[in-house]
Amino acid sequence: AMAFENEFHGTSRMRYFLSNYENGGGGNPLAVDTAATITTPAVPVVFNNDGTVKTPGTAAVLGTYNHYVVPPGANKTENLKTNNYFESRTRIFYTAKASDDLKLVTGFEIDSVFGDRAQSGTYSSVGGTGRNQGGALESDTVNLETKWVYLDFKIPSTPINIKAGIQPIKDQLKGIFIDADIAGILSITKVGPATINAGYFRGYDQSYFSTSAATTRPRGMDNLNLGLLETKLGVTKDMNLAAVYYLYDDSRGILGNDLQIHVLGLAADAKVGPVSLSGFAAYQGGVVKQSSPGHSTYLNAFAANLAAKLAVGPGTFKTAALFTSGNSTDDQTNGHLKGWVGTGQSQNNSFAGFASAGTSTYNESGMMLLNRNAAAGTGTTDVAIVYNTGNGTRPDNMQGLYLLTMGFDAMITPKFYANTNVGAAWTAKSNGLKPFDKATNAKNASNYMGTEINLEAGYKMYDNLTASLQAAYVFLGGYYEGSSSVGTTLASKDPENPYTVRTSLIFNF
């Protein structure tokens, strides 16, 4: 007989939202507009102070202007109504452990929003069976997601450990390149104070997305592949260094091109007296192999981070800075890209707006709305103004980012905690993603996106159950000035400042 250990653990969270931008959909809350079309009508158009067209026979208020036609999908984010909704997420992890050197690790997830869909109910073209649903009347829907399934074993008589299957991967650059669940094989080798990680992962195989049998090539030829090589060294008990290399190879003809990126980086953390320091510097070099117009576009991008923590009284003071380089309008056209590129969810070889690069994170900021920060979210409906660390929608329009944050985490009693943070963000470069001021039909000069202040307080009701309250408010900067449209005219309106209030119950077991 063989004895197995069966390990179960997990987490369950239910949250309630009050927010003007968070609406149960996730992604980036602020639409990105293009320039409006300017026409000069035969009869000049006159506008009132509120941007509406002057009624014939009434006194002119502002004079005669060209007529600006609002582009399709324009940003209407002024005077937003407050959303309120409940979200739940449960994750269950099961490990079948034969020994310390051999185990199967699995993870499953169930997500829903109260009142969404159930049984065979549908809306629009979406059916009743699928992920992130089941919160409607009578529930009874199919919504059990596979998160992890991998073997974890040691090769006998060697220092090599292998993880094979669908598993979590996070880079040593604090997640700004990749932080995702992905299928692949990872080897972990420990030699003295050094640890060497080497892995291969396949994000997509294009043969599964081809619609024509005539054009479908054999599986394994047109893939999104990721290679990983990391060396970590414990220099002293208070200092660690890491040197990393990542290969991002997308040969699926995404956007009509193939994309290959090489990432080189150095990371370190150290404790100097009462201060804990950490940071990294990274370089990306690569090429976008274009089928048309027949020449390639080259990539040279950079990223850097520095963070510090200091124990003060009942808590910890923290501060951090993140920089990622960006593409200017000239860079987009001259064949030399400089914007940092994170891995992206790009099924069927097409990017999908700001949410396309949701597999990179930066959890050190403490922000709730300003950047995608999984540590402050842990749900499916969170939004973020900077949704990916390149701050763009495609490899050729990444704007880059300057993000400065500071905060204080306090443990007031053994059961009660409170955290507060403030942070500000700027784009590193201006390009076609910058919004237009609706009154002038011109881009704003400012790269300042906004400043967030937030607060979280929690109380441990039981050892395994915590109740918490989160609140965040963002003061939008000059980057968004006048970019919200009203009616069919281009009155200069500023988007409403984003805010959110979230309550949650978290059960860990």
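Is F86 buried, exposed or partly exposed? In this predicted model, F86 comes out as partly exposed, with a relative accessible area of 31%.

A search through the whole structure turns up 13 aromatic pairs. In one of them, the ring centres of Y16 and F86 are 4.5 Å apart and the planes sit at 40°, so this pair is tilted. The two residues come from distant parts of the chain: Y16 belongs to strand β1 (residues 5–19) and F86 to strand β6 (residues 83–99), 70 residues apart. Y16 is partly exposed too, at a relative accessible area of 23%.

Now for another pair, F323 and Y402. Here the ring centres are 5.1 Å apart with the planes at 40°, so this pair is tilted. F323 sits in strand β17 (residues 315–324) and Y402 in strand β19 (residues 401–411), so the contact ties together parts that are 79 residues apart in sequence. As for accessibility, F323 is partly exposed at 25%, and Y402 is also partly exposed, at 39%.

| Residue | Relative accessible area | Class |
|---|---|---|
| Y16 | 23% | partly exposed |
| F86 | 31% | partly exposed |
| F323 | 25% | partly exposed |
| Y402 | 39% | partly exposed |

Which residue lies over the face of Y387? That's R372, at 5.6 Å from the ring centre.

How values were computed: Residues are numbered from 1 along each chain as its sequence is written. This is a predicted model: local features need pLDDT of at least 70, side-chain atom pairs count only at pLDDT 80 or more; totals for chains, interfaces and linings use all residues. Side-chain values use heavy atoms; hydrogens and water are left out. Rings of Phe, Tyr and Trp (its six-membered ring) pair if their centres lie within 6.5 Å; planes under 30 degrees apart count as stacked, over 60 as edge-to-face and the rest as tilted. Helices (H or I, at least four residues) and strands (E, at least two) are DSSP runs, numbered from the N terminus. Buried means under 20% relative accessible area, exposed over 50%, partly exposed in between (1.4 Å probe, protein chains only). A charge sits over a ring if NZ of Lys or CZ of Arg is within 6 Å of the ring centre and within 35 degrees of the ring normal.
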